[in-house]
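Good morning, and thank you for joining. I would like to take you through one model, from the ligand shell to the domains and then to the packing of the helices.

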Amino acid sequence: MSKGHNVLEVHADAWTGPGGPQDVFAREDPDWPLPRIVSGDDIYLYDQAGNRYIDVSSGPVASNLGHNNRRVIETIKHQAETLCFAQSRVARTNENMELAEKLALTAGDGYERAFFVSGGSEAIDTAVKFSRQWAFANGEKDRKKVISFMPSYHGGLISTIGFGGDEVPLEVFDGMMQVSEKIPAPMSYRPPDGLTPEQNEDRIIGLFQETVDRVGPEKVLAFMYEPVGGVATGCNVLSNRFLKAIRQICTTHGILMIADEVMAGAGRTGKFLAASHTPDGMPDLIVLAKGIGAGYTPLGIMLAPAAMVDRLAKMLGYPYGHTAAANPLSCAIGTAALEETLERDLIGNAERMGQYLTDRLWALAEESPVIGDVRGRGLLLATEVVANRETKERFPADVVAPDMIRRLGFNHGLTIYGRRTNNGKFGDWIMTSPPLIITAEQIDEMVERFGATLKDFADEAVRAGAKVA
Ligand SMILES: Cc1ncc(COP(=O)(O)O)c(C=O)c1O
């Protein structure tokens with residue numbers, strides 16, 4: 001067990017001097033400064049006072065291998081001494097080719113080519129640019145429109161925010177973005193108008209077809225979606241029947257499907273590709289990031305079929321890149337992370353431990369009145385909190401549950417990722433998505449501490465005026 005935590009005492013350093021940590025840019029409560037983390041090992045992070053925290057959400061669902069992974073660290077050392085950089089438009093590198101080959105073999109047929117960038121948003125931008133280049137090269141010059149879900153998240157660049165479904169940044173950056181057409185995400189926990197989840201899916205498939213017809217099928221470039229959602233939906237899972245129907249419409253009209261697996265890919269859901277859970281609705285392009293670099297390097301990837309890439313190469317090609325794209329240091333780290341994931345069967349562990357954690361969280365829900373839903377796939381799991389479990393009522397606007405739980409978690413030795421999206425309109429949840437290396441014993445401890453955190457949260461929410469039933 002960890003030492004007692006008193007974050008307020010240890011970290012009462014609201015920043016007033018020059019410089020400061022990244023969070024000076026966010027509107028954080030100065031009474032609750034973030035712990036200052038100085039080291040990590042396994043599923044744990046340690047602050048400067050020696051307090052231990054379980055990394056409940058793998059950072060922002062990135063640290064798939066946990067911390068201090070020896071194989072990756074030895075790779076970093078070796079690669080740093082061998083070759084850190086050679087620009088991919090100037091020279092080929094073994095590291096780039098090795099990772100591309102391993103990824104293609106792991107991802108399977110249809111995803112033979114890999115384009116490397118520095119993170120998820122850049123990779124989403126790449127997938128849309130690649131789609132447009134493909135359409136342009138094929139003479140389909142009207143294809144410009146992307147369709148995506150409300151709610152959703154597809155990255156934080158001016159070029160990607162507009163594809164996401166969060167009304168708050170869409171308002172702030174209005175007029176500056178390429179805004180997608182939105183259809184409702186088939187949220188399983190609160191389907192509207194008394195519909196069953198399946199009836200709601202059918203309604204949305206109809207809305208997708210209507211949107212394609214309204215925009216004009218020849219003008220729609222791509223449909224972008226998260227096979228298993230992240231923070232925007234609290235891990236809402238898309239079904240095979242739903243994606244099969246969407247696939248049929250896309251195929252009929254030559255619309256590309258782009259699966260955003262920035263969070264869901266790289267084994268987290270219990271399969272290397274989250275798309276493999278829904279085999280009748282396979283996408284054309286897949287975007288990976290987070291778990292691919294596993295927190296050891298910035299790395300994002302677009303996977304594409306050789307049939308498209310090789311044909312495009314004979315036409316206009318795809319000549320766009322970034323300075324750090326496919327740099328050998330990041331590629332070597334990506335290969336080490338992938339080998340570690342495969343050789344230790346962390347994908348199998350994600351499936352097994354995902355089931356175990358789901359069961360434990362539902363058992364916790366028997367005692368905790370604020371747990372409304374637990375959903376996701378493998379170890380991509382979210383826990384939705386509600387004021388009333390019977391009615392699924394959300395917390396009032398001023399009870400910002402993800403922030404409160406995140407902060408209270410520090411006192412129980414937990415670092416937790418959650419942030420309110422869409423002003424809480426679709427609900428509040430936090431990411432219960434630990435590293436893929438987690439064991440059952442570690443889950444037991446994590447859930448116990450999480451239960452204590454939720455108890456404190458419920459008490460605090462009541463003090464703040466919420467009615468918890
Ligand atoms: C589904 C999804 N897409 C895209 C992104 C953007 O990735 P990055 O933060 O690496 O730019 C994220 C990040 O959280 C994400 O979860």
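**The ligand shell**

Helix α5, residues 120–137, gives the largest share of the shell around the ligand, namely 3 residues. Before I continue, please note that this is a predicted model, in which local features need pLDDT of at least 70, side-chain atom pairs count only at pLDDT 80 or more, and totals for chains, interfaces and linings use all residues. Residues are numbered from 1 along each chain as its sequence is written. Helices (H or I, at least four residues) and strands (E, at least two) are DSSP runs, numbered from the N terminus.

Which residues come nearest to the ligand? Of the 15 residues around the ligand, they are G119, G120, S121, G155 and V262. A residue is near a molecule or strand if its C-beta atom, placed from the backbone, lies within 6 Å of it. By class, the shell has 6 nonpolar, 7 polar and 2 charged residues. Here Ala, Val, Leu, Ile, Met, Phe, Trp, Tyr, Cys and Pro count as nonpolar, Asp, Glu, Lys and Arg as charged, and the others, Gly among them, as polar.

**The two domains**

The domain assignment of the protein chain gives domain 1 as 7–68 + 345–463 and domain 2 as 70–343; such bounds come from an automatic or database assignment. Taken over C-alpha atoms, the domain centres are separated by 26 Å. At the interface, 32 residues of domain 1 are in contact with 36 residues of domain 2, contact meaning C-beta atoms, placed from the backbone, within 7 Å. On the side of domain 1 that touches domain 2, the elements giving two or more residues are α2 (58–61), α13 (346–367), β11 (371–377), β12 (380–385) and β14 (428–431). Of these, α13 provides the largest share, 5 residues. That side of domain 1 has 14 nonpolar, 11 polar and 7 charged residues.

**Helix packing**

Axes are lines fitted to C-alpha atoms, for helices over the stretch in contact, and angles run from 0 to 180 degrees between N-to-C directions. Angles under 35 degrees count as roughly parallel, over 145 as roughly antiparallel, 65 to 115 as roughly perpendicular and the rest as oblique.

Helix α3 (residues 70–82) and helix α12 (residues 328–343) cross at roughly 155°, and their axes come within 9 Å. α3 is therefore roughly antiparallel to α12. On the α3 side, the contact is made by R71, V72, T75, I76, Q79 and A80, and on the α12 side by P328, L329, A332, I333, A336, A337 and E340. These residues divide into 9 nonpolar, 2 polar and 2 charged.

For helix α8 (residues 197–215) and helix α9 (residues 240–253), the angle is about 15° and the axes are 10 Å apart. The two are therefore roughly parallel to each other. Their contact has 7 nonpolar, 2 polar and 2 charged residues.

Helix α14 (residues 401–411) packs against helix α15 (residues 440–463) at about 130°, with the axes 9 Å apart. α14 is therefore oblique to α15. The contact joins A401, M404, I405, L408 and G409 of α14 to T453, L454, D456, F457 and E460 of α15.

**Two backbone details**

Where is the cis peptide bond? It joins M150 and P151, with omega about -5°, and P151 lies in the loop between β5 (145–150) and α6 (158–161). D42, in the loop between β1 (37–41) and β2 (44–47), has a positive phi of about 55° although it is not a glycine.

Notes: Contact = placed C-beta atoms within 7 Å.
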